[in-house]
Every structure is written in structure tokens, then in C-alpha cells.
Amino acid sequence: MQRVAAEKLLLQFQEHPQAWQRVDVILTTAQSQTTKYFALQILENVIRYKWGALPEEQREGIKNFLSSLIITYTTDEAVFRRETTFINKLNIILVQILKHDWPNKWRTFIPDLVSASKTSETLCENSMKIFKLLSEEVFDFARLDLTQAKERELKASLNNEFRLIHEICVFVLCNTRKPDLIRTTLDTLSVYLTWVPLGYIFESNLLQILLQLFPQPAFRNVALQCLTEVGSLVMGPEFNPQFQAFYKVFMTQLQLVVPPTVNIPDAYEKGNDDQQKFVQNLALFFTGFLKAHIGVLEQTPEDQVALIMGLDYLVNISYVDNVEVFKTCLDYWNYFVPDVYASACTVEATPTFSFAPQPVATPTPLKRRQLYAGTLSKLRQLMICRMAKPEEVIVVEDDNGNIVRETMKDNDVLAQYKTMRETLVYLCHLDYEDTENQMLERLRMQLAGAKWTWGALNTLCWAIGSISGSMQEEQENRFLVTVIRDLLNLCEITRGKDNKAVIAADIMYVVGQYPKFLRAHWKFLKTVVNKLFEFMHETHPGVQDMACDTFLKICNKCRRKFVVLQLQEREPFISELLNTLFETIHDLQPHQVHTFYEAVGLMVGAEGDMAKREEYLGRLMAPPNTTWQQIIAQAKANPEVLKQQLAIKSIQNVLQTNVNVCTSLGQPFMSQFNVIYADMLQVYKLYSELISTTIAEGGPYAARSTYVKYMRSVKKVALKLIETFTEKCEDPTIIATMYVPAMMDPILGDYQRAVPDARDAEVLSLLAVIINKLRMLMESEVPRVFDAVFEVTLQMITRNFEDYPEHRLQFFALLHAIVNHCFRVLLNFTPVGNATELAGQRAHE
């Protein structure tokens, strides 16, 4: 109770408009740190929000008090070290005052602070912290609480006053031996070096001082941060000699710190925090300097030696097992390799014959390719060893208990893969043979059992897949045949189901990445697909999913090959496949069967002869149609059958199979759509009524029951099938005349009649698709749609706004479709002179 009362009293004191006038007494007499921080909070609020309203003498009094307090705490080293956090808070408040009064109302601040800094090393150390805070507030965080005019004024003032800051920094670095003061000074310099006038860097001895401090362990990291800022500056050609000299001295010093023979990834793994931070900073230095000045270092043999050594250091750092370090390096390699490739193309594109006089082609681009040959070869090895994982397909259970496939996209790993793939493709173009040799050599090592690991084989195969299309056709064919042969041999000689599963997945990934080769080599394509069918019987986790996904990928790229009668074949491959359809898929899970059917649907769609296409489709859909007809026949004899969980799941799987085939086949799916459409609407209506009854009797919790979720999944997939066929159908008249009238009561009428928790947002999505697709053909039905959904949906989302996010989204999409339809009607039937005006009036209404 006493604590609560004390907190209440403190809050009342803090809110008192004159409380800040007691801050000086509290700060000078209080013993409790909490009390002091409480007083500082009051003072900071006054400075932030009321400073301009205070009388001049009160502002001056606060400035003098705060300055004196800082000096008191920073002249005694013991107090300075003990009260670091409190002093840092005082510094922040002082800088807040500076943002208001400096330079106009406190012109002597920087000269006074520099002058005071020469009287005490601890005071000087704190002054450096204040200078750093001031620079960060002006150049990094100014937009948060400064007007543009004030920001420009502070930047100009800081530029003008930097001479004094520069002098005190150089003075400290040349004269003090206190490590803490040197580190703080360097830390401050690293902030200022991003914007200071260039003369302060190259026309003084500052750079030499930094290079001398760099080898010393105590200052290595912060000195390197300063050198990185300098090295990243982009300046005119007149400064090239300074950068050349700077880089050579730096490389000489670096070899004393980290000899070229050091295994940097191993050292990083064993190093402490400072050593690991040094490796990170070294990566930033090389990437920043080389991106800005690599051309300067290519001019002389001596500079080239230092340049190649720096690139070797960066390659070594690229193997460090740290994501941020690797991203830093990869970003540079993705800049460096295309740059070398572009210069090589410049030479290769030079005409060799012309009637016009030709200038002498500069040999520099060709020399660049030769100069970096060793580095580029090392980069190929790096990309192959560290290739990131391509986009990943995972199998998850959705809200309705159905197993679905999701593609993981737009994550960091996928972005890294795309960058690495692009870089490796450029590397391949620069030297096909070296790329091929390195990959095949690593594959031979796997065959020999040397360094055999899942990770090594995976990254190698991802790298092999990433360069698809980068080689000349003949070379790519030879390369891929060798790769597949070696992988199959590896699968044969490797023991253990887990190991075989990994190799099988890698084989499937690689073949899926080379559709051009598969299209050109039928026997190989057939062998690959039959191998995939074998993998579809392998129950090891992940293998069947990978086999089905690869089959889909291959069918998408090679679909025509499967419906054409190939040489030495008795019938098209699709016919052969359909003859053994049940045997091929009987070990697959439902979601895998759906993927398989989508793939075969692509084959069926590639058949140009309509009669053959209808035959193939009928044979393909025979198994799910048999299941469907059996359930419907049983339901007609006993409707209770449809309430059984097994029957519900079977119906859902059959309908989802139809969705997948419709997705890949398009309008030719109509004959199959007609087979199940009428019965599907009846099943939809029955489940809708059961769901509404269950929810009406059981309340909101009933909507989350497994029973309702399963029935709901049937409704959703039925709506998805109609929506998919509508989108794929090329003749809107067919939809308008054959299917829309039949669905209006079972779907639209049911939505209007159902209790709120039984309404599916997918109905709104379907109606929006139909209206957008059929356009004027829906003219007579749109008012009925509007009347059925508008009021009931609006009541749902206004009464329980957070409970129906999908309904809100699809409701507005439907309204958008209806408004667009109304505009079309107005523009179609209104005289041209009034159409625009009337449409504008209606839109405003």
C-alpha cells in the first residue's frame, strides 16, 4: 500500500507544471538512483515540449546547471566509470537542448567543449560521446523530430565547426595513452567520417594514424570501422593515388594481423566476440572499398597483387558460418561477377570485320577476365559449396483438416538462393569448363565416399540445377547425362533408406531443372518419369511428395511429348500411363494423388485431337468417378451415408481431384464437369442444411467441431471447382446458360438463408468471379445476387467485425464487381452524351 501511495504521489509531482524547478535540488541531494532518473525524466520532458516557452534566464540556468553537473561527474575518473549510465542520460538531455538552441543561442558550445576537453582525459572522453550523439541526432535521426530547415541549419553548423572536433580528435589520438579514450575517440570519428569534408581525411595525418592503430588489438575493430567509412567514399579521379596508397598500406598491416594462410572460418568458429566482430568488419571493409575503387587497383601489377590478395581474403571470409557475414560477401560477389562478365562481353561483342575504320579495341576487359581467373574459380567452388535451398514445398494441414501443399516463398533463404543462382550463372558463362569440372569432381568425391554428407550432396545438386540453360546445348547434354548417371550409381551403392531417399530427392530435383534436355531426349525423359513412378511407391518421408512435385514440373514443361507417338513406341506414353493408372497411384496419399492428376491433366490438354482428349480424360477420371457414383448411389438409398466421416472425406478428395485436373486442363474439362455438377449441387445443399442445423442447435462452438469442418471442406472445394472452371472456361455463354441458373438456389439462396456462422466467404468470391467473367451476360442475375448477399453480409461484418475477416475481404471484392457491372450497363444503354455524367453521378452516390 505504501508503494502504491508513493507511486501515486510521484506521478502527481511529475504532472505539476512547476515540478522541473525542483530538479536541480533533487539531482544534487538525492541518494537514490531511481529518484535521480525520475528527476531527469521531468527535465527531459520540459526540454522536449516546453523549451521554447521558458524565459531566457531560465533556459540559461538549465544549460549552466546541466553543463556543471556533467563536468562534476566526468572530472573524477572513479565517479565517471561508476556513473556511466547516468552520465549518458545527462549527455542525451544536453543534446536535446542543442537541437533547440545551437548554433544561434549557444554559439560557443563546441569551442567551449573542445577547450574543456583538454583539461581532463575523462572529461575529454565524455565530450567525444557528446559529439557522437550530436552527429547521430543531426545526420541519422533528424527527420524524427526536426524540421527540414532546422536540419539543414544544424548540418551546416556542424560542418563549419568540424575543424575544432577534428583537431581535438587528432590531438587525442597523437597524445593520449588511455585505451578507453582512444576507443571512444575512434568511435566518434567513425560516425563523422560518413559526412565530413574530404580535406580533413586526405589533407591531414588522420588516415595514417588510423592505419597505425589498426594492428593494435585494443583498437582494431573501431579503427577498422573508421577505415571502412573512408574506403567506401566515392570521389573524383584526383584522389585515386591516395586510395591506392591507402589500400597498399592497409594490406601490409592486415597481413600482420591475419596472415593469408589463416583459415578464417575456423578462426571465426573458435574466436571470441571481438575476433568475430573483426571478421564481420573486415568483410564490410573489403566489400565497401572494392565496390568503390576496384578499377583504381587494376592499373599496375603491384596494385593487382594487393587486389587479388584482398579478394582472396574476402573469399575466405565468405566461408564463415554466419548468415550476416555471408550476406555481406554475397552482395559484393553478385556485383563483382556480373561486372567482370559485362566487360568480357564488351570485348567479345567487338566486330571482327567491317568496311568502316575500326578503333583499336582496349585490351583491358580481356585482361580483367584473365586477371580474375583464379578468383572466379574460387567463387565457383564457394557457390557450389554454399548454394542455398531453392523454394520449398511443404505439406500442412489446413483449418478444415485437409492436407494441402504450400510453397514457401519470399523468405530470406529463397532470396539468397536467387542471388547465388544469378551469380553462379554468370560464373558459368565466364568459364563453362571450369564450372562443369568443379561440379563433376565434387560428384566423383561423393561417389568415392569422400566427404559424403547429405548437406554436401544437396548443395551440389541445387547448384547443378541452378545453372540450367547456362551451357551450350551439346555441353549441357553431356554434363547432365554424366550427373544423372553418377547420381543413379550413387543411389545403387549407398546403403540405408535415409541416404537413398536423399539421393532420390536430389535426382528428382536435378532432372526437373532441365526440361529442355528432357524434351530433346525422349528415351531419357521416359526413363526419368518411370523412375519417378518407382519413387511414388517409396514410403520414406518426403520421397513421394518430391516425386509428385517433380512429375508435375516435368509435365508442365514437356506435356506435348507424352501425347505424341514416339519412335519405337507402340502407343503414346499417356495411353500407357492410363493403362496402369491404379497401380501407379495406389500408394500415394490423397494430396499426392491430386498433384499427380494435375500433372496428367496437363498431358491431356496437350492432345490436339478432341476425340482422343475426351477419351484420355474419361480414362483418367474413371477411378474418382467410380467412387463418386458409388457414394451417390448409396446416398440415394440411404441419405445418412453422407453424414459418415469416411464418405465426407471421400467426397472431398474426389472434388479436389476434379479441381486439380480442371486447373491444368481448362475448358476441355467441361465433359467431366457435366458428369458431377448436378449431384455436386445436391450434396452442397444437403451439407449446407446440416451445417446450419448443427450450428443453430449447438451455438458458435459447433462451427468449430470436426464434423462441421469436414462438411464445410466439401462445400469449399465444390465452390472452388465451380470458380476454377468459370475462370478457365473460354466461352462465358456456356457458364451463363448451362451452370449459373442451376446454382442460384443451392448456393446463393443457401447463403441468404443460412445462419451467419454457416455462411462461407468462398460464395462471395465465386459470385465476384462469375460477374467479372460473364459481364453483360449476368445483367438479369446481378440484382438477385445483390439482394441475397448485401444485407445479410453487412449485418455479419458490422455486428462482429473481427470475427469475419475473409467475409469482409470477399464482400468488398464482390461489391467492386457489382459496381463495375453497373458502370458497364450504364455505358452500354445510356446515350453517349449523358453516359459519363450519369456514371459519375451514380459513382458519387
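Q: How many helices and strands are there in the protein?

A: Helices (H or I, at least four residues) and strands (E, at least two) are DSSP runs, numbered from the N terminus. The protein has 41 helices and 2 strands. This is a predicted model, in which local features need pLDDT of at least 70, side-chain atom pairs count only at pLDDT 80 or more, and totals for chains, interfaces and linings use all residues. Residues are numbered from 1 along each chain as its sequence is written, and side-chain values use heavy atoms, with hydrogens and water left out.

Q: What radius of gyration does the protein have, and what would a compact globule of 845 residues have?

A: The radius of gyration is taken over C-alpha atoms, and the globule rule is 2.2 Å times the number of residues to the power 0.38. For 845 residues, a compact globule would come near 28 Å, whereas the protein has 37 Å. Along the principal axes, its C-alpha atoms fill a box of roughly 100 × 75 × 65 Å.

Q: What percentage of the residues of the protein count as buried?

A: Buried means under 20% relative accessible area, exposed over 50%, and partly exposed in between (1.4 Å probe, protein chains only). Of the 845 residues, 49% count as buried.

Q: Is Ser127 buried or exposed?

A: Ser127 counts as buried because its relative accessibility is 1%. Ser127 lies in helix H8, which covers residues 121–140. A contact means heavy atoms within 4.5 Å. Leaving aside residues up to four places away in sequence, Ser127 touches Leu113 and Ser117.

Q: Where is Ala388, and which residues does Ala388 touch?

A: Ala388 is in the loop between helix H21 (373–386) and strand E1 (392–397). With a relative accessible area of 6%, Ala388 is buried. Not counting residues up to four places away in sequence, Ala388 touches Val413, Gln416, Tyr417, Met420 and Trp462. The C-alpha atoms of Ala388 and Ala463 are separated by 8.4 Å, although these residues are 75 apart along the chain.

Q: What should the 14 residues of helix H28 span, and how far apart are its end C-alpha atoms?

A: The expected span of a helix is 1.5 Å times one less than its number of residues. Helix H28 (residues 522–535) should therefore span 20 Å, and its end C-alpha atoms are 20 Å apart, which agrees. Among the buried residues of H28 are Trp522, Phe524, Leu525 and Lys526.
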